[in-house]
Amino acid sequence: MADMDYEAEYNNRARVPEHAEIFLRWARDAENYRAAALKEGRAELGLAYGDTPRQTVDIFAPQAGERAPLALFVHGGYWRSLDPSLFSHMACGLNARGIAVAVAGYDLCPIVTIADIIEQIRRACIFLWQRLGRRMLVYGWSAGGHLSAAMVATDWPSLYPRAPADLVAAGYAISGLFDLNPLIKTSMNQDLRLDADGARRLSPQFWPLAAGRVFDAAVGALESNEFRRQSQSIAQAWRQAGAQTRYEEVAGMNHFTIVDALADPQSAMVARIAELTRAIKQ
């Protein structure tokens with residue numbers, strides 16, 4: 001739409017003025033969860049998968065034991081802000097349901113490009129495969145939703161010949177971005193440095209998809225029209241490409257509060273992600 005205010009549609013912090021208080025709460029809850037998991041011997045923190053300080057993963061194991069199913073969480077922040085340490089407690093819900101959770105960090109724009117970040121998260125997946133020997137679900141929030149889709153649509157053997165083709169057979173995106181073209185029209189593109197060709201090339205909605213992939217796209221009912229469109233569009237496009245997809249609007253949730261469900265073992269979101277993770281063949 002020629003008259004759409006893309007800046008307003010994609011400026012989530014402006015839409016949720018209390019976002020700073022939410023971030024402080026996340027930091028406190030995440031620190032408490034790390035401390036508890038370390039005390040219980042369930043956490044491995046700061047495992048390097050790459051050659052920069054932000055290329056690390058934290059692994060939170062459930063009480064169940066070594067061979068638990070595996071999910072990788074990727075944080076958001078428009079590829080240019082936030083830190084994985086804000087999100088440790090998002091492992092709580094899945095841990096309580098017997099799922100091991102890795103939380104990945106990555107370098108940020110404009111120091112690196114979105115293409116670089118995609119490759120970093122791919123390396124994180126390979127690192128986990130080599131360390132744990134498990135296929136995985138990748139789930140993420142906001143920019144992390146984009147990265148989770150990118151992992152589902154990655155042709156793994158072409159990049160890492162020893163990796164299974166279905167290394168990431170399922171994904172769950174929360175408030176994700178899958179068509180990056182609208183971001184060219186926003187002020188954040190100063191950092192993202194997207195042009196029309198690059199935006200399309202980095203948009204997983206338009207990537208070819210292997211058979212048998214499963215992908216859920218959830219978004220808050222209080223989010224902008226564009227964010228809801230983004231999730232609807234990838235669910236529809238990938239369904240037409242043969243994937244099993246599901247679109248869900250979560251009532252009463254905005255771009256930030258929607259992710260809180262991950263810390264609740266009884267939430268419908270955690271139950272769904274656990275179901276998808278357990279369905280992955282090892």
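Biologist: Which residues have the most contacts inside the largest nonpolar core?

Modeller: This is a predicted model, in which local features need pLDDT of at least 70 and side-chain atom pairs count only at pLDDT 80 or more, while totals for chains, interfaces and linings use all residues. Residues are numbered from 1 along each chain as its sequence is written, and side-chain values use heavy atoms, with hydrogens and water left out. A nonpolar core is a set of buried Ala, Val, Leu, Ile, Met, Phe, Trp, Tyr and Cys residues joined through side-chain atoms within 4.5 Å; buried means under 20% relative accessible area, exposed over 50% and partly exposed in between, with a 1.4 Å probe and protein chains only. The largest core has 62 residues, and those with the most contacts inside it are L72, W79, I121, L128 and L183.

Biologist: Which helix supplies the largest share of this core?

Modeller: Helices (H or I, at least four residues) and strands (E, at least two) are DSSP runs, numbered from the N terminus. The helix in question spans residues 114-132 and gives 10 residues to the core. Its buried residues include I117, I121, F127 and L128. The helix is α5.

Biologist: How many residues are in the second, separate core?

Modeller: A71, F87, V103 and I273 are included in this separate core. In total, its residues number 37.

Biologist: What distance does α5 reach from its first C-alpha to its last?

Modeller: The expected span of a helix is 1.5 Å times one less than its number of residues. α5 has 19 residues, and its reach is close to the expected 27 Å. The distance in the model is 27 Å.

Biologist: Let's turn to the strands. Is β4 mostly covered or open, and which of its residues are on the side with V101?

Modeller: β4 (residues 100-104) is mostly covered, with five of its five residues buried. In a regular strand, side chains alternate between the two faces of the sheet. In β4, A100, A102 and A104 are on one side.

Biologist: Which residue in β4 is the bridge partner of L70?

Modeller: Two strands pair if DSSP finds at least two bridges between them. β2 and β4 pair in the antiparallel sense over four bridges, while β3 (residues 70-74) runs parallel to β4, joined by five bridges. In β4, L70 has as its bridge partner A100.

Biologist: What is touching T277, beyond residues up to four places away in sequence?

Modeller: T277 is found in helix α11 (residues 268-278), and its relative accessible area of 2% makes it buried. Contact means heavy atoms within 4.5 Å. By that test, T277 touches P69, L70, A71, I99 and L137.

Biologist: Why is the ring pair of W26 and F87 called tilted?

Modeller: Rings of Phe, Tyr and Trp (its six-membered ring) pair if their centres lie within 6.5 Å; planes under 30 degrees apart count as stacked, over 60 as edge-to-face and the rest as tilted. The structure holds 14 such aromatic pairs. In this one the centres are 5.3 Å apart and the planes are at 50°, so the pair is tilted.

Biologist: How many residues apart in the chain are W26 and F87?

Modeller: W26 is in helix α3 (residues 19-39) and F87 is in the loop between β3 and α4 (92-96). W26 is buried, at 0% relative accessible area, and F87 is buried, also at 0%. The pair links distant parts of the chain, and the separation in residues is 61.
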